[in-house]
Amino acid sequence: MALSESSKNTNNGDRVLPDSKSRDGISSPRVWIEAYGCSANVADSQAIAGALSTNGFEIAEPDEEHDLNIIVTCSVKDTTEHKMMGRIKALSSTGKPLIIAGCLAKTETEKLQRQFSGVSFMGPRSLTKTVSCAKAAIKGIRSIELEDVDGREKLNIPKVRINPVVSIIQIAVGCLSECSFCQTKLAKGQITSYRIGDIMHAIEKDIREGCREIWLSSTDNGCYGFDIGTDIIELLRKCKLIPGDFSIRIGMMNPMYLGSLKGSLIQLLEESNRIYRFLHIPVQSGSERILRSMKRGHTVKMYKDIVKSFRDRCPDITIGTDIIVGFPGESERDFADTLDLISESKPDIVNCSRYGARPGTSATLLEGRLTTEVAKDRSARVHELATKISRDRNMNWIRWRGSIIIDEISQNFIQGRNYAYKPIFIRKEKSDISSPQLGDRIMVRIKKYSSRALEAVELG
């Protein structure tokens, strides 16, 4: 079972796989699973692995012989699609049965069917069909499971976690936005929020199994609950009361919905040390004209007001944002507005992407496509500015003392997160026999910084 590089950057850790199974001396079918893209896709891959491992399948380790390939795909960018197509081609060429799951399976079904005959498909909202689809594929029977089922059963599917201390809980599927560039809406549809009681039950189960970080994930957490008469604030108020030593990370929230929730959310962050002081607020552009063309539903002022409100009350909060450069019609003035917005709002993290037309989205009809060279230049300028800001923001943490939860261990270092979800690593000494384990909470002092992370020493 594997993750893409992008997923590994957000969900590091050792794999946890079920014990090998056999029945009456007959080996169980072995499945290789790999996932790409957002944390929701990672959660889907873990649910797929869990459903199969509890129904007579074994999950393969890298380089192990196996009987079936499953790839959970992402279609958010054209460069991502190219990578997906390459991996699908490689997996298909092995001659083993293949199931293509995730967003690309739903948005590019016909294209994939033309290029890869005999493969099976499973959409983002069809995971309850996992076992039947896998059994059919191994028998050489092709399945196409792309219908949008209710989805709430996802929370009841057992999971095989890639990181044993990180629980990714999907609180909803789909969203309410109509962004002109986004293919995810085509794949996942309108929002279906899961009930608070069901979410709490899933969290409680994962905490009993040793999880210390709870990621609340969806396409847009900002509009969670709008379809069932609740919201993310009520969910957080209930979840923070669950017993145990754990912290909650809130997933992406679009500015158009976060604006009305900011007062209550700030109060929650001030009252509770259970919720990481971390927000992912994708603004996408600093140009009002481009935001309208993107159909984002928010203005630059709305984003600025949100950031100012949180920084005024929680100055140490970690804020991440997303930027798209090279959107059709983006002038140098529009791009300058984006640089100005980044300079003013000073996000700790900037995820910058070059625009790529996605089939089925309305932005493909827009005129004024920019050259690759211009988009690359603008992306590099955003990266340069964002790196400087991240470094300056991290400098403020020098000499900070406090506790972190260890969520990654490698050969040379251990890494944890503090209350602001800052990545903090400690170098391992060769003579250190009793180094902290995954899930341990330890006290540290920060001694160095860079634009990407903080380095600390453990305090006795």
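**Entry 1: α8 and α9**

I looked up the crossing of α8 and α9 and found that it is right-handed. A crossing is called right-handed if the near helix is turned clockwise from the far one by less than a right angle, and left-handed if anticlockwise. I noted that this is a predicted model, in which local features need pLDDT of at least 70 and side-chain atom pairs count only at pLDDT 80 or more, while totals for chains, interfaces and linings use all residues. Residues are numbered from 1 along each chain as its sequence is written, and side-chain values use heavy atoms, with hydrogens and water left out.

Helices here are DSSP runs (H or I, at least four residues), as are strands (E, at least two), and both are numbered from the N terminus. Two packed helices are described by the angle between their axes and the distance between the axes. The axes are lines fitted to C-alpha atoms, for helices over the stretch in contact, and the angles run from 0 to 180 degrees between N-to-C directions.

For α8 (residues 196–208) and α9 I read an angle of about 40°, with the axes 10 Å apart. That angle makes α8 oblique to α9. The scale is as follows: under 35 degrees is roughly parallel, over 145 roughly antiparallel, 65 to 115 roughly perpendicular, and the rest oblique.

I then listed the residues in contact (heavy atoms within 4.5 Å). On the α8 side they are Ile196, Ile199, Met200 and Ile203, and on the α9 side Glu234, Leu235, Lys238 and Cys239. Sorted by class, the contact of α8 with α9 has six nonpolar residues, no polar ones and two charged ones. In this sorting Ala, Val, Leu, Ile, Met, Phe, Trp, Tyr, Cys and Pro are nonpolar, Asp, Glu, Lys and Arg are charged, and the others, Gly among them, are polar.

**Entry 2: α9 and α10**

At what angle do α9 and α10 pack? I found about 15° between α9 (residues 232–239) and α10 (residues 255–271), with 10 Å between the axes. That makes α9 roughly parallel to α10. The crossing of α9 and α10 is left-handed.

From α9, the residues Ile232, Ile233, Leu236 and Arg237 meet Leu261, Ser264, Leu265 and Leu268 of α10. In the contact of α9 with α10 I noted six nonpolar residues, one polar and one charged.

**Entry 3: α12 and α13**

Next I took α12 (residues 300–313) and α13 (residues 332–345), which pack at an angle of about 15° with their axes 11 Å apart. This makes α12 roughly parallel to α13. The crossing of α12 and α13 is right-handed. Val300, Tyr303, Lys304, Val307 and Arg311 of α12 make the contact with Leu341, Glu344 and Ser345 of α13. Their classes are four nonpolar, one polar and three charged.

**Entry 4: two positive phi values**

Most residues other than glycine have a negative phi, and most peptide bonds are trans. I looked up two residues with a positive value. Phi of Lys295 is near 60°, and Lys295 sits in the loop between α11 (288–294) and α12. Lys295 is partly exposed, at 47% relative accessibility. The cut-offs are under 20% relative accessible area for buried, over 50% for exposed, and partly exposed in between (1.4 Å probe, protein chains only).

Lys346 has a positive phi of about 50°. Lys346 is in the loop between α13 and β17 (349–354), and its relative accessible area of 42% makes it partly exposed.

**Entry 5: Arg277**

Is Arg277 buried or exposed? Arg277 counts as buried, at 17% relative accessibility. I located Arg277 in the loop between α10 and β15 (278–280). Apart from neighbours within four places in sequence, Arg277 is in contact with Leu269, Glu270, Cys314, Asp316, Ile317, Thr318, Tyr419 and Ala420.

**Entry 6: cysteines**

How many disulfides does the structure hold? I found zero disulfides (a disulfide is a pair of cysteine sulfur atoms within 2.5 Å). For Cys223, the nearest cysteine sulfur is that of Cys175, 6.1 Å away. Cys223 is buried, with a relative accessible area of 0%. For Cys314, the nearest cysteine sulfur is that of Cys239, 19 Å away. Cys314 is buried, with a relative accessible area of 0%.
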